[in-house]
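Biologist: I am new to this structure and would like to learn how to read its features one at a time. Could we look at it together, taking a general idea before each case?

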Amino acid sequence: MAGRLEGKVALVSGAARGQGRSHAVRLAQEGADVIAFDVCRQVGTVPYPMATPEDLAETVKLVEDLDRRIVAREADVRDTAAVQAVVDEGVREFGRLDVVCANAGIVTFGENAWSLTDEQWDDMLAVNLTGVWKTARAAVPAMIEAGNGGCIVLTSSTAGVKGMAGIGHYVSAKHGVVGLMRTLAVELAEHSIRVNTVHPTGVNTPMVVNDFTAQFTSTASGQSNMENLLPVAMVEAVDISNAIVWLASDEARYVTGVSLPVDAGMLQK
């Protein structure tokens, strides 16, 4: 039985591990070939270990083990030329682009919004908002030119629809992603390109599960940023990937401009 994305090509940013790797693998399981990239080095203000070239190589192996093709490169989502080069190479290799998962992201913390440093704010907005825009900007012309329609999914967060203490820069970036999605959905509708956001709660990935972020499960003010209604502490990366597969499939062919929570009921708390 053919997968739901048979014959399609998907671009995934932040693909070396965590949600990005999961998205690349699930899209491949559904029949897509993959264009993948990740920075594979530390970003200045991020205190936890980020993905490595070896992590990206493992993503490549997992996709190829599914008998799907993959173009994977090290590229910084903040670097316009690098992102465009990856997209252009992938489109030359596969001849089309149908699905975009703008997933790359970081998280850092401060006691409150006014104690964040300039560097923390700038790195966060550059990766989690501007990097999402740069990914979309690099991909959209190829999608329009191909004339096949398609789907763009931007990774926001539960922090993209509510305020959270200690991560004002993250909340601001993730809210901005929603505004970008709504605008792109309007602008790309005439090309049959659908644009949506996914909004995970805490996800069991290396970005969240590490010694640094464990210190901030509850903020300095005593407010928790990770309380779900369902009896789970976190969701798994594949839960977000499954939502993206659905949004990219023909089953969601009329779904655009939508913010889809995958939050274990967090927004209902």
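Biologist: How far is the sulfur of Cys40 from the closest cysteine sulfur?

Modeller: Before the case, a word on the source: this is a predicted model, in which local features need pLDDT of at least 70 and side-chain atom pairs count only at pLDDT 80 or more, while totals for chains, interfaces and linings use all residues. Residues are numbered from 1 along each chain as its sequence is written, and side-chain values use heavy atoms, with hydrogens and water left out. In general, a disulfide is a covalent bond between the sulfur atoms of two cysteines. Here the sulfur of Cys40 lies 17 Å from that of Cys101, its closest, which is too far for a bond, given that a disulfide is a pair of cysteine sulfur atoms within 2.5 Å. For Cys101 the closest cysteine sulfur is in Cys151, at 7.5 Å, again too far for a bond, and a search of the whole structure finds zero disulfides.

Biologist: Is Cys40 buried or exposed?

Modeller: Cys40 is buried, with a relative accessible area of 7%, where buried means under 20%, exposed over 50%, and partly exposed in between (1.4 Å probe, protein chains only). Cys101 is buried as well, at 1%.

Biologist: How many strands form the sheet, and in what order?

Modeller: Strands of a sheet pair through backbone hydrogen bonds, either parallel or antiparallel. In this model seven strands form an open sheet with parallel pairing, in the order β3-β2-β1-β4-β5-β6-β7; strands (E, at least two residues) and helices (H or I, at least four) are DSSP runs numbered from the N terminus, and two strands pair if DSSP finds at least two bridges between them. Because β3 (70–74) and β7 (259–262) stand at the edges with a single partner strand each, one side of each is left without a neighbour in the sheet. Five bridges join β2 (residues 33–38) to β3, and Phe37 has Arg73 in β3 as its bridge partner.

Biologist: Which residue forms a salt bridge with Arg4?

Modeller: Side chains of opposite charge can pair when their charged atoms come close. Arg4 forms a salt bridge with Glu30, their closest N and O atoms being 3.5 Å apart, where the rule asks for a side-chain nitrogen of Lys or Arg within 4 Å of a carboxyl oxygen of Asp or Glu. Arg4 lies in the segment before β1 and Glu30 in the loop between α1 (18–29) and β2, so the pair ties together parts that are 26 residues apart in sequence. Glu30 also forms a salt bridge with Arg26, at 3.3 Å, and Arg4, Arg26, Glu30 and Glu251 are linked in a network of salt bridges.
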